[in-house]
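Me: I would like to go through a structure by question and answer. Here is the model.

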Amino acid sequence: GVFVERGRFPLLVRLLIAIPEYHAMEYMFGYLVHHGKMDLLLARSKLLGSTGTPKPALAMALVQYLQDHFARNLELRVQVHLCF
């Protein structure tokens, strides 16, 4: 809530990438989608970790969230798939 209220979406993205409990924090994906800031997450090292290794758990959680909540938003789903 506080990050969203203050428009601190880059911090929200950093938090999402740093904490590997993606399914427990999927509500944050919703904040990013509803505020048009999903590009921040997708641009953030193309879903790569700080070591340069892919974060498949993040990618899978994001794909599942979009499939469950935004199944008709094909543009967003394609953008996510292109990032990994």
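Reply: One term is needed at the outset: buried means under 20% relative accessible area, exposed means over 50%, and partly exposed lies in between. The model is predicted.

Me: Is Y27 buried, exposed or partly exposed?

Reply: The cut-offs are 20% for buried and 50% for exposed. Y27 has a relative accessible area of 46%. This value makes Y27 partly exposed.

Me: What kind of aromatic pair do Y27 and Y31 form?

Reply: Y27 and Y31 are 4 residues apart in helix α3, so about one helical turn separates them. Residues three or four places apart in an α-helix point the same way, because a turn takes 3.6 residues. The ring centres of Y27 and Y31 are 5.8 Å apart, with 90° between the planes. Planes over 60 degrees apart count as edge-to-face, and the pair of Y27 and Y31 is edge-to-face.

Me: How many residues apart in sequence are the parts that the pair of F29 and Y65 ties together?

Reply: The rings of F29 and Y65 form a tilted pair, with centres 5.7 Å apart and planes at 55°. Both residues are buried. F29 lies in helix α3 and Y65 in helix α5, so the parts tied together are apart in sequence by 36 residues.

Me: Which element gives the largest share of the largest nonpolar core?

Reply: This core has 25 residues, and L62 and L66 are among those touching the most other members. Two or more residues come from each of α2, α3, α4, α5 and α6. The largest share, 6 residues, comes from α5.

Definitions and conventions:
Residues numbered from 1 in each chain as written. Predicted model: local features only at pLDDT ≥ 70, side-chain atom pairs only at ≥ 80, totals over all residues. Heavy atoms only, no water. Core = buried A, V, L, I, M, F, W, Y, C linked by side-chain atoms within 4.5 Å. Buried < 20%, exposed > 50% of the residue type's maximum accessible area, 1.4 Å probe, protein only. Phe/Tyr/Trp six-rings, centres within 6.5 Å; stacked < 30°, edge-to-face > 60°.
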